Amino acid sequence: MAKTERQKLLEKHGQLNQTDNAKVISHVQREEKDSDWVRHTIMLDGIDVPFIYRRKQHYQNLKGARVNVTYYRHVEDVAGIEFETMKVVRIKRS
């Protein structure tokens, strides 16, 4: 049986995580300052940490949609306080 692209990614990168069929409860799109990128932030049902990814343009709103997300855990230190986010590598509608 051939391995899927997702299985190959998860095996190659040990820190990579996968969440399937998660419901998006919030999706915010903001243009980044001094850049031509759009920063997307989604919140998933039952998870209190934001999932963040970037695209070159705005995208359809994912609020209420079910998605499969492949991501890394990311911790940022801002003014001595740690903030946890999830850096999205791949996102697809379920």
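Here are some questions and answers about this predicted model.

Q: How many helices and strands does the protein have?
A: Let's start with the order of the elements, which from the N terminus on is α-β-β-β-β-β. The counts for the protein are 1 helix and 5 strands.

Q: In which sense do strand 2 and strand 3 pair?
A: Strand 2 covers residues 38–44 and strand 3 covers residues 51–55.

Q: Which residue in the turn between strand 2 and strand 3 has a positive phi?
A: Strand 2 and strand 3 form a hairpin, with 6 residues between them. In that turn, a positive phi of about 85° belongs to Gly 46.

Q: Strand 3 also pairs with strand 5; in which sense, parallel or antiparallel?
A: Strand 5 spans residues 81–93. To find the pairing in the structure, look at Phe 51, which stands opposite Met 86 in strand 5. Strand 3 and strand 5 share 2 bridges, and the sense is parallel.

Q: Which residue in strand 5 is the bridge partner of Val 69?
A: Leaving aside neighbours within four places in sequence, Val 69 has contacts that include Leu 44, Phe 51, Val 88 and Arg 90. Ile 91 is also in contact with Val 69. The bridge partner of Val 69 in strand 5 is Ile 91.

Q: What share of the residues in the protein is buried?
A: A residue counts as buried when its relative accessible area is under 20%. Applied to the 94 residues in the protein, that cut-off gives a buried share of 27%.

Q: Is Glu 32 buried or exposed?
A: The side chain of Glu 32 meets that of Arg 39 in a salt bridge (3.5 Å, N to O), and Arg 39 is partly exposed at 32% relative accessible area. For Glu 32 the relative accessibility is 16%. Because the cut-off for a buried residue is under 20%, Glu 32 counts as buried.

Q: How many residues apart in sequence are the parts that Glu 32 and Arg 54 tie together?
A: The side chains of Glu 32 and Arg 54 meet in a salt bridge (3.8 Å, N to O). Glu 32 lies in the loop between strand 1 and strand 2, while Arg 54 lies in strand 3, so the parts tied together are apart in sequence by 22 residues.

Q: Which strands do Glu 84 and Arg 73 tie together?
A: The side chains of Glu 84 and Arg 73 meet in a salt bridge (2.5 Å, N to O). The pair links parts that are 11 residues apart in sequence, because Glu 84 lies in strand 5 and Arg 73 in strand 4. The strands tied together are therefore strand 5 and strand 4.

Q: How far apart in space are Arg 90 and Tyr 53, C-alpha to C-alpha?
A: Arg 90 is found in strand 5 and is partly exposed, with 22% relative accessibility. In sequence, Arg 90 and Tyr 53 are 37 residues apart. In space, their C-alpha to C-alpha distance is 8.7 Å.

Q: What accessible area do Val 78, Ile 81 and Phe 83 have together?
A: These three residues form a nonpolar patch on the surface. One of them, Ile 81, is in strand 5 and is partly exposed at 48% relative accessible area. Together, Val 78, Ile 81 and Phe 83 have an accessible area of about 270 Å².

Methods
Residues numbered from 1 in each chain as written. Predicted model: local features only at pLDDT ≥ 70, side-chain atom pairs only at ≥ 80, totals over all residues. Heavy atoms only, no water. Pairing = 2+ DSSP bridges. Helix = DSSP H or I, 4+ residues; strand = E, 2+ residues; numbered from the N terminus. Patch = residues over 30% accessible without salt bridge, like charges linked within 9 Å, V, L, I, M, F, W, Y side chains within 5 Å. Areas by Shrake-Rupley, 256 points an atom, 1.4 Å probe, with all protein chains shown as cover. Salt bridge = Lys/Arg side-chain N within 4 Å of Asp/Glu carboxyl O. Buried < 20%, exposed > 50% of the residue type's maximum accessible area, 1.4 Å probe, protein only. Contact = heavy atoms within 4.5 Å.
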